[in-house]
Amino acid sequence: MDTTINLKHAIDQLVKEKGIDRQIVLEAMEQAVLTAANKKYRNTRELEAHYNHESGEVELFEFVTVVEDVEDSYKEIGLDEAHEIDPEAEIGDSLGEKLDSSGFSRIAAQTAKQVIIQKVRDAERETIYNEYSDRIWEVITGMVRRFEKGELLIDLGRAEAVLPAKEQMPREVYRPGDRIRAIITDIRMTTKGPQIMLSRTHPSMLAKLFEAEVPEIAEGIVEINAIVRDAGSRAKIAVSSNDRDVDPVGACVGMRGARVQNVVSELRGEKIDIVPWSEDIARFACNALSPAQVSKVFVDEEKRALEIIVADDQLSLAIGKRGQNVSLAARLTGCRIDIKSESKVAEPEERQEFSSFDGTDADEAGETEEASALEQEAATDTDTDTDTDTDTDTDAVDEK
């Protein structure tokens, strides 16, 4: 490697193409020359390499220590010989001499080249990591490159990201070359470089899509207070306004539903309920159960539980298909929700058959619900005045 060649142009080009810090490139150049020199001299000498900005070359210096009795001629120099170089030299001083760096062998030059390549690669990885670590929870657009063990590998341009199988939307199908939008949830530094993790199912994905579509959210006039999702199926979002003249729900829906429809299209048809947020938990629960209409709410603040009464024709709507509506409402409010119908509450001696939801899977009590439903029907047919106290869940209502 001929270090007398002006490296300015090569360095400028490297910095421009790779987008890395100039100082990192210069340090890589110096380390490359030093590595090649140490290999040539078999690490027998004290060497240093420094880039000369004026001449545009990496200069190599050998340093020796002034001693009385020389034991290692490569690293030490006698006082008399040192005075020939520097008349003011004293015992213990370190003297430097510039070496000719043009005599490196081809092997040494190749070693220097490999050091530069590795340094540049490390610098690129560090740059990518720093760039994307500041973009966590940001929605980005990439191109599907390939599939690997159920994961989607997404090309982001300068970097590659991973969309794990569990973070993909149900029933979504992508092919190599398709464009995809997802939110960055994490970035990890691995031996192969930065690994950027993406998601399309995270609630923050929905929040960021609304922020992009609704200027009032971006400006802070409308706030998103809570979001829950059954990704690919249904979501509920609670919003509030810091301006009395701005309707938070209307702002999110947009003219003729244009804003919310853009979000729904991006999420491939996921249904979205936008409800007003309230500090009053009873009112908030009524809003969260939308589109069902609530008649009464009884609150147990100590247990964070709500007993909600609805009209008979609103019961199935309040619970939703497979309990999805009330399950999302429970997760949105953070409360356990028990739903009863007005007709059963009105009967003085017969307690309402009701469903309890705390935001967990609504399918767990399916068999119990079915048996309870059959027992209730039998009691009704025989006009028996028997007290019942049966817990039911979503599937029983749906099957009715």
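This report describes selected features of one protein structure, which is a predicted model.

**Overall make-up**

The protein contains 14 helices and 17 strands. Of its 400 residues, 43% are buried. Among contacts in the protein with a separation of 6 or more, 60% are between residues 24 or more positions apart.

**Two helices in contact**

Two packed helices are described by the angle between their axes and the distance between the axes. Helix H9 covers residues 281-288 and helix H11 covers residues 324-333; their axes come within 9 Å and cross at roughly 145 degrees. The crossing of H9 past H11 is right-handed. On the H9 side the contact is made by Ile281, Phe284, Ala285 and Ala288, and on the H11 side by Ala329, Leu332 and Thr333. Sorted by type, the residues of this contact are six nonpolar, one polar and no charged.

A pair of aromatic rings is described by the distance of the centres and the angle of the planes. How many aromatic pairs are found in the whole structure? The search finds one. The pair consists of Trp277 and Phe284, with 6.5 Å from centre to centre and 65 degrees between the planes. The arrangement is edge-to-face, because the angle between the planes is 65 degrees and planes over 60 degrees apart are given that name. Phe284 also takes part in the contact of H9 with H11. Phe284 is buried, with a relative accessible area of 4%, whereas Trp277 is partly exposed, at 33%.

**Backbone exceptions**

Most residues other than glycine have a negative phi, and most peptide bonds are trans. Arg42 is not a glycine, yet its phi is positive, at about 55 degrees. Arg42 lies in the loop between helix H2 (22-40) and strand S1 (46-52). Is Arg42 buried or exposed? Arg42 is exposed, because its relative accessible area is 70% and the cut-off for exposed is over 50%.

Arg268 is also not a glycine and has a positive phi of about 55 degrees. The loop that holds Arg268 runs between helix H8 (258-266) and strand S12 (271-276). Arg268 is partly exposed, because its relative accessible area is 49% and the cut-off for exposed is over 50%.

A cis peptide bond is found between Ser290 and Pro291, with omega at about 15 degrees. Pro291 is placed in the loop between H9 and strand S13 (294-300).

| Residue | Relative accessibility | Class |
|---|---|---|
| Val263 | 1% | buried |
| Pro164 | 11% | buried |
| Asp273 | 16% | buried |
| Glu213 | 29% | partly exposed |

The contacts below leave out residues up to four places away in sequence.

Val263 belongs to helix H8. Val263 touches Leu206, Leu209, Phe210, Glu213 and Ile272. The C-alpha atoms of Val263 and Ala207 are 9.9 Å apart, while the two residues are 56 apart in sequence.

Glu213, one of the residues touched by Val263, is in helix H5 (residues 203-213). Glu213 touches Arg259, Asn262 and Val263. Glu213 and Gln261 are 48 residues apart in sequence, with 9.9 Å from C-alpha to C-alpha.

Pro164 sits in the loop between strand S7 (160-163) and strand S8 (179-190). Which residues does Pro164 touch? They are Glu151, Met197 and Leu198. Between the C-alpha atoms of Pro164 and Glu151 there are 4.7 Å, and along the chain these residues are 13 apart.

Asp273 is part of strand S12. Asp273 counts as buried, because its relative accessibility is 16% and the cut-off for buried is under 20%. Asp273 touches Arg234, Ala235, Lys236, Ile237, Ser290 and Asn325. Ser290, one of these, is joined to Pro291 by the cis peptide bond described above.

Conventions:
Residues are numbered from 1 along each chain as its sequence is written. This is a predicted model: local features need pLDDT of at least 70, side-chain atom pairs count only at pLDDT 80 or more; totals for chains, interfaces and linings use all residues. Side-chain values use heavy atoms; hydrogens and water are left out. Axes are lines fitted to C-alpha atoms, for helices over the stretch in contact, and angles run from 0 to 180 degrees between N-to-C directions. Helices (H or I, at least four residues) and strands (E, at least two) are DSSP runs, numbered from the N terminus. A crossing is left-handed if the near helix is turned anticlockwise from the far one by less than a right angle, and right-handed if clockwise. Contact means heavy atoms within 4.5 Å. Ala, Val, Leu, Ile, Met, Phe, Trp, Tyr, Cys and Pro count as nonpolar, Asp, Glu, Lys and Arg as charged, and the others, Gly among them, as polar. Rings of Phe, Tyr and Trp (its six-membered ring) pair if their centres lie within 6.5 Å; planes under 30 degrees apart count as stacked, over 60 as edge-to-face and the rest as tilted. Buried means under 20% relative accessible area, exposed over 50%, partly exposed in between (1.4 Å probe, protein chains only).
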